[in-house]
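Welcome to a short tour of the spaces and packing in this protein. Have the model open beside you as you read.

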Amino acid sequence: MSTNADLAHQLIVTLCHRYAFGDVRALLPGFELPAPKLARMRRLCLFGQRLADLDAEDFDMDGLEGAQPDLVSLVERAKRCRMPQEPGEADRGALKTMRPAFRLLLEVLEARWRRADMAGLVSCAHIMSEYLPLLVWESVWGHAADPALLPATVDVMGSRFGDRQAQEERRCDHNRTDAGATQRALKVASGPGEGWRAYLDRQHSNVSHALAVCASRCRNRCGVVNSLDKPVRDSLEDRCSVALSFGDSALIRLRHAAPVGHGFGVPSREEVSEVWARSREALAKRGEIGAAVATDDGFCLPGLPSLFTALAGVELVPDTLLRDVADLAVRTLSEA
């Protein structure tokens with residue numbers, strides 16, 4: 001291999017380990033690779049970039065016939081983080097459990113930290129804050145507010161969830177946005193795919209917020225919460241209260257203050273670290289659940305995986321999907 005070829009190979013390897021899969025894919029046509037290897041690399045890089053971009057609706061990767069078994073295995077893992085794109089899909093993905101999605105979010109957030117992409121990091125944290133209450137409720141319901149299961153789940157004595165009249169009469173503490181989302185959530189699974197996808201894009205996160213309000217801020221609780229055993233109810237209240245506090249934290253407020261267009265400014269690593277330290281201190285004061293954030297777990301935002309573990313009730317650590325895709329791409333490039 002010539003010196004230039006050595007340098008080019010090392011560049012690709014470095015970019016793979018930086019998870020710059022889009023850049024690698026753009027550079028591949030300049031390399032003299034056999035057509036089968038080029039096709040494998042292009043497919044790997046496309047998948048890796050979708051992971052890095054959190055482009056979950058396309059994690060299923062069409063046309064995997066004949067693909068590397070290792071890639072097929074990675075795609076199957078990633079599909080656990082994907083929302084079903086049709087209401088009747090058998091694979092419920094992140095509507096069945098949010099846990100794989102949060103593991104991937106932690107890995108992506110750490111990758112953005114390493115790349116000094118603070119705007120991307122704050123955006124990732126914002127997504128976490130929106131769906132965190134579903135991670136909490138999942139431990140009670142066994143699903144993440146899947147609209148296909150939700151009508152039966154909330155059909156308990158005294159429930160006012162999604163009840164338009166109760167919401168209009170203020171017997172329910174949901175705001176107008178959350179109220180509309182809960183009403184829609186009870187009907188959308190029986191509708192067409194277009195409406196289903198629109199609901200997931202615009203309203204499922206509002207249902208998440210509404211459920212946090214049900215558990216921790218409602219002044220007139222209905223059967224959705226009251227039907228639960230008291231220990232479960234109390235734990236749910238504590239965890240949803242901390243989840244909402246995370247959503248109101250200084251870290252999440254960065255999303256609205258500067259990074260994406262409004263102030264033409266992006267926070268530095270130092271600023272994010274300072275803001276997280278303040279957020280962490282405030283969260284740690286919120287009882288036993290919040291105190292988990294004080295754990296020194298070695299994450300780039302220390303204590304964040306420990307906090308999510310306490311909220312979910314199961315261990316949540318960063319996934320290795322991005323790293324595994326990078327390793328597979330490097331192996332594929334080095335194959336004879």
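This is a predicted model: local features need pLDDT of at least 70, side-chain atom pairs count only at pLDDT 80 or more; totals for chains, interfaces and linings use all residues.

Residues are numbered from 1 along each chain as its sequence is written, and side-chain values use heavy atoms, with hydrogens and water left out.

- Helices are DSSP runs of H or I with at least four residues, numbered from the N terminus.

**Pockets**

- On a 1 Å grid over the protein atoms alone, a pocket is an open set of points with protein on both sides within 12 Å along at least five of seven lines, a cavity is a set where a 1.4 Å probe fits but cannot get out, and lining residues have an atom within 4 Å of a point.
- Grid points are joined across faces, edges and corners, and a volume is the space filled by probe spheres set on the points.
- The largest pocket has about 580 Å³.
- Its lining has 24 residues, with Leu54, Ala56, Met83, Ile127 and Tyr131 the closest to the centre.
- Five of the lining residues come from α5, the largest share.
- By class, the lining of the largest pocket has 14 nonpolar, two polar and eight charged residues; Ala, Val, Leu, Ile, Met, Phe, Trp, Tyr, Cys and Pro count as nonpolar, Asp, Glu, Lys and Arg as charged, and the others, Gly among them, as polar.
- The second largest pocket holds about 310 Å³.
- Its lining of 17 residues includes Ser129, Glu130, His209, Leu244 and Gly247, which lie nearest the centre.
- Four nonpolar, eight polar and five charged residues make up the lining of the second largest pocket.

**Cavity and a neighbouring loop**

- The count comes to one cavity of 30 Å³ or more, and the largest cavity has about 90 Å³ of space.
- Among the residues lining the largest cavity are Cys172, Asp173, Cys214 and Cys218.
- Arg219, in the loop between α11 (204-216) and α12 (223-226), counts as exposed (over 50%) because its relative accessibility is 70%.
- Arg219 and Asp173 are 46 residues apart in sequence, with their C-alpha atoms 7.0 Å apart in space.

Note on methods. Helices (H or I, at least four residues) and strands (E, at least two) are DSSP runs, numbered from the N terminus. Buried means under 20% relative accessible area, exposed over 50%, partly exposed in between (1.4 Å probe, protein chains only).
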